[in-house]
Amino acid sequence: MARNAFFLGKGGTGKTTLSAALAVSLARSGRRVLAVSLDPAHNLGDLLGVPLGEAPVRVEERLEALEVDLGAWVERHLAASREELKATYAYASALNVDSLFDLLRFSPGTEEYAVLLAIGHVDRVLAPSYDVVVWDTPPTALSLRFLAMPTVSTRWVAELRSLRERILGRRQAIARVNPESAAAAGAVAPADDPVHARLGAMRERLDRLHDLFARRSLVSVVLNSDLLSVAEAERIAEALARLGIPLAAICLNRRDASALPAPLDPPLADLPLVTTGPCAGPLRSRDDLLRLDLAPFAALLLEGAQPPP
C-alpha cells in the first residue's frame with residue numbers, strides 16, 4: 001500500500017516546492033513516486049519541468065505526476081448525482097433536474113466533495129502502482145475543508161441512514177396492518193433498500209478517505225521564518241486535532257538565514273522539525289530541488305517501510 005505525504009501551510013511558504021523536491025528525492029532513492037497537484041494554481045509541473053494533465057505523466061525514472069482538474073471532477077460529481085437521483089426517484093421527471101444541478105454547481109461543499117472524489121480515485125485506482133504519493137495541496141482554507149469533509153459527512157450519512165431505517169420500519173408496520181396500502185410497496189428490510197445501500201456505500205468511501213488522511217499519511221505543515229506562517233500553522237494544528245488527523249512534522253522552509261521569530265508553542269513544539277534552505281541561488285531544475293535536502297522528512301515518511309529493490 002502506498003505511503004502518502006501531505007504538505008499544508010500558508011500560501012507562499014513553499015508547499016509546492018517541497019512537494020516537488022520530496023518527490024524527486026524519493027524517486028532517485030529508488031521509490032516509485034506519484035506527485036499529485038490539488039492546487040488550482042498548478043505550479044507543480046513548472047517545478048518538475050513537465051506539462052501535466054489528469055493522467056500520470058512520466059517526469060523521470062520512477063517519478064510520475066498529474067494535475068487534478070477540479071472543474072472536471074465537479075462535472076463528474078454532478079453528472080453522477082443527476083443519474084442517481086433519476087434512478088432512485090421515479091417522480092424526478094416532474095422536477096427540473098437540470099436547473100437544480102446548475103444551482104448545485106455553485107453550492108457550498110460541491111468543490112470540496114469534488115476534491116474528495118479526485119483523491120479517492122487516485123487512492124483506489126492509481127496509488128497501488130506506486131510506493132509513495134506526494135500531494136501538493138491547495139491554500140489552507142480549501143485544504144482544511146476537504147480534510148474535514150469525511151468526518152462531517154460521516155455524521156450526516158449516519159443520521160440519514162438512521163432516518164431511512166425508521167422510515168422503512170414504519171412502512172413495514174403499516175404493511176402488516178394494511179397490506180394493500182401504498183406504503184406496503186416500499187416495505188423492505190434495510191438490506192434490500194437501494195437508498196439505504198447507497199448511504200452505506202457513501203459511508204464506506206468516507207471511512208476510507210478518513211483512514212487515508214488519519215492513518216496512511218504523513219501530514220506536515222510548512223512555515224517560514226515569519227509570524228504569519230507560524231500563526232497559520234498553529235491554526236492548522238488545532239483544526240487537524242479536532243478532526244482526529246495527526247500532524248506528524250513541521251517543515252521550516254527558510255528563504256534566508258533568519259531563525260524563527262519566537263520559539264514554537266505546543267503542539268508544534270512537540271513535533272519533529274525538518275529545516276530546509278536557505279539555498280544559494282534559484283532552483284531552476286529538478287537537480288536543484290535536491291539542494292533542499294528532505295532526507296530527514298523522507299526518513300519519517302518511510303519509517304518501517306521495506307527498502308526499494
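Reply: Let us start with Thr-275. Not counting residues up to four places away in sequence, Thr-275 touches Leu-252 and Arg-254. The model is a predicted one. Thr-275 belongs to strand β8, residues 273–276. The C-alpha atoms of Thr-275 and Ile-250 are separated by 8.3 Å, although the two residues are 25 apart along the chain.

Me: How should I read the two faces of a strand, and which residues of β8 lie on each?

Reply: In a regular strand, side chains alternate between the two faces of the sheet. In β8, Val-274 and Thr-276 make up a covered face, whereas Leu-273 and Thr-275 make up an uncovered one.

Me: Which strand is joined to β8, and how many bridges join them?

Reply: Strand β7 (residues 249–253) is joined to β8 by 4 bridges, and the two run parallel. Asn-253, for example, stands opposite Thr-276 in β8.

Me: How many residues of strand β2 are buried?

Reply: For β2 (residues 33–37) the count is 5 of the 5 residues, so the strand is largely enclosed by the rest of the structure.

Me: Which strands are joined to β2 by bridges?

Reply: Strand β4 (residues 63–67) is joined to β2 by 5 bridges in a parallel arrangement, with Val-33 opposite Leu-63 in β4. Strand β5 (residues 132–136) is also parallel to β2 and joined to it by 5 bridges. There, Leu-34 has Val-133 of β5 as its bridge partner.

Me: Turning to helices, how does the reach of α6 compare with the expected one?

Reply: An α-helix has 3.6 residues a turn, so residues three or four places apart point the same way. Helix α6 (residues 140–177) has 38 residues, and its reach of 56 Å from first C-alpha to last is close to the 56 Å expected at 1.5 Å a residue.

Me: Where in α6 does a kink lie?

Reply: The kink, of about 40°, lies at Met-149, shortly before the proline Pro-150. Thr-151 also lies in α6. Thr-151 counts as buried because its relative accessibility is 15%, and buried means under 20%. Leaving aside neighbours within four places in sequence, Thr-151 is in contact with His-210 and Leu-243.

Me: How many residues line the second largest pocket, and which lie nearest its centre?

Reply: The lining has 14 residues, and those nearest the centre are Leu-117, Gly-120, Arg-124, Arg-205 and Leu-209. The space in this second largest pocket is about 260 Å³. Helices α5 (110–126) and α7 (194–215) each supply at least two lining residues, and α5 gives the most, with 7 residues.

Me: Finally, how many helices and strands does the protein have?

Reply: The secondary structure comes to 10 helices and 8 strands. Of the 309 residues, 45% count as buried. Among contacts between residues at least 6 apart in sequence, 73% join residues at least 24 apart.

Methods. Residues are numbered from 1 along each chain as its sequence is written. This is a predicted model: local features need pLDDT of at least 70, side-chain atom pairs count only at pLDDT 80 or more; totals for chains, interfaces and linings use all residues. Side-chain values use heavy atoms; hydrogens and water are left out. The expected span of a helix is 1.5 Å times one less than its number of residues. The bend at a residue is the angle between axes fitted to the seven residues ending there and the seven starting there. Buried means under 20% relative accessible area, exposed over 50%, partly exposed in between (1.4 Å probe, protein chains only). Contact means heavy atoms within 4.5 Å. Two strands pair if DSSP finds at least two bridges between them. On a 1 Å grid over the protein atoms alone, a cavity is a set of points where a 1.4 Å probe fits but cannot get out, and a pocket is an open set with protein on both sides within 12 Å along at least five of seven lines; lining residues have an atom within 4 Å of a point. Grid points are joined across faces, edges and corners, and a volume is the space filled by probe spheres set on the points.
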